[in-house]
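Here is a short report for a first look at this structure. Keep the sequence and the 3D view at hand while reading.

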Amino acid sequence: MKTFLNILYWFLIVIALIQFIPIDRTNKPVDSKVNFVKVYNTPKNVQQLLKTACYDCHSNETVYPKYAYVAPISWSVKHHVNEGRTYLNLSEWGNFNRDLKKDMVKKTVNALKVYSMPMPGYIAQHPEANLNKEERTLLIHYFENILNTENY
């Protein structure tokens, strides 16, 4: 029993100390001229779906939940946000070249079709991001329309 209490004591000390490891949660400023929803004059209903299901990980408009301020969970959240932004950053859309945009739109359509996005782990913590079939279809059609009208 003494060994268990000793391990628990040191575990709690480590958990307390790692809270002081800083995580940068600062979002870059968003330039509306290059923001996806402004570039395409996205309809309000589609904008709302994107903001609810995509923008936390795929934009510079991340809203960090309270649990994202507790290490080591904060490290995982920040890693996922950084990773999401590398694959697709809707806040910086206008800065990407034509081929990259085409590739990102195609991958987004595929991810929506196979239900890999939003990620199940994200949906578990953010049930409002769980797109129903109609919402998913609306987004798929919206992105496919962009592919067709932009002549990618």
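## A serine and its neighbours

Which residues does S74 touch, not counting residues up to four places away in sequence? S74 touches I23, R25, Y67, A68 and Y69. Contact here means heavy atoms within 4.5 Å. S74 is found in helix α4. Helices are DSSP runs of H or I with at least four residues, strands are runs of E with at least two, and both are numbered from the N terminus.

Is S74 buried or exposed? S74 counts as buried, at 4% relative accessibility. Buried means under 20% relative accessible area, exposed means over 50%, and partly exposed lies in between, with a 1.4 Å probe and protein chains only.

## About the model

This is a predicted model, in which local features need pLDDT of at least 70, side-chain atom pairs count only at pLDDT 80 or more, and totals for chains, interfaces and linings use all residues. Residues are numbered from 1 along each chain as its sequence is written, and side-chain values use heavy atoms, with hydrogens and water left out.

## Helix α5 against helix α7

Two packed helices are described by the angle between their axes and the distance between the axes. The axes of α5 and α7 (residues 133-149) come within 9 Å. They cross at roughly 160°. That makes α5 roughly antiparallel to α7. Axes are lines fitted to C-alpha atoms, for helices over the stretch in contact, and angles run from 0 to 180 degrees between N-to-C directions. Angles under 35 degrees count as roughly parallel, over 145 as roughly antiparallel, 65 to 115 as roughly perpendicular and the rest as oblique. The crossing of α5 and α7 is left-handed; in such a crossing the near helix is turned anticlockwise from the far one by less than a right angle, while clockwise gives a right-handed one.

Which residues meet here? From α5 come K102, V105, K106, T108, V109, A111, L112 and K113. From α7 come R136, L139, I140, F143, E144 and L147. The residues of this contact of α5 with α7 divide into 8 nonpolar, 1 polar and 5 charged. Ala, Val, Leu, Ile, Met, Phe, Trp, Tyr, Cys and Pro count as nonpolar, Asp, Glu, Lys and Arg as charged, and the others, Gly among them, as polar.

## T108 within α5

T108 has its place in helix α5. At 16% relative accessibility, T108 is buried. The T108 side chain reaches the backbone oxygen of M104 at 2.7 Å. This is a polar contact: a pair of N or O atoms within 3.5 Å, where within protein one must be able to donate a hydrogen and the other to accept it, and residues adjacent in sequence count only if both atoms are side-chain atoms. Leaving out residues up to four places away in sequence, T108 touches L88 and F143.

## Helix α3 against helix α7

Helix α3 (residues 44-53) also packs with α7. Their axes are 11 Å apart, at an angle of about 110°. That makes α3 roughly perpendicular to α7. N45, V46, L49 and L50 in α3 meet E135, L138, L139, Y142 and F143 in α7. This contact of α3 with α7 holds 7 nonpolar, 1 polar and 1 charged residues.

K44 lies in helix α3. K44 counts as exposed, at 66% relative accessibility. K44 and K107 are 63 residues apart along the chain, and their C-alpha atoms are separated by 23 Å.

## Loops and backbone

Most residues other than glycine have a negative phi, and most peptide bonds are trans. Where are the cis peptide bonds listed here? One runs from A71 to P72, with omega near 5°. P72 is in the loop between α3 and α4. Another joins M117 and P118, with omega about -10°. P118 sits in the loop between α5 and α6 (120-125).

N41 is not a glycine, yet has a positive phi of about 45°. N41 lies in the loop between α2 (36-39) and α3. At 66% relative accessibility, N41 is exposed. Y115 has a positive phi of about 65° and is not a glycine either. Y115 lies in the loop between α5 and α6. With a relative accessible area of 46%, Y115 is partly exposed.

N97 is in the loop between α4 (73-87) and α5 (98-113). A polar atom of the N97 side chain lies 2.8 Å from the backbone nitrogen of L100.
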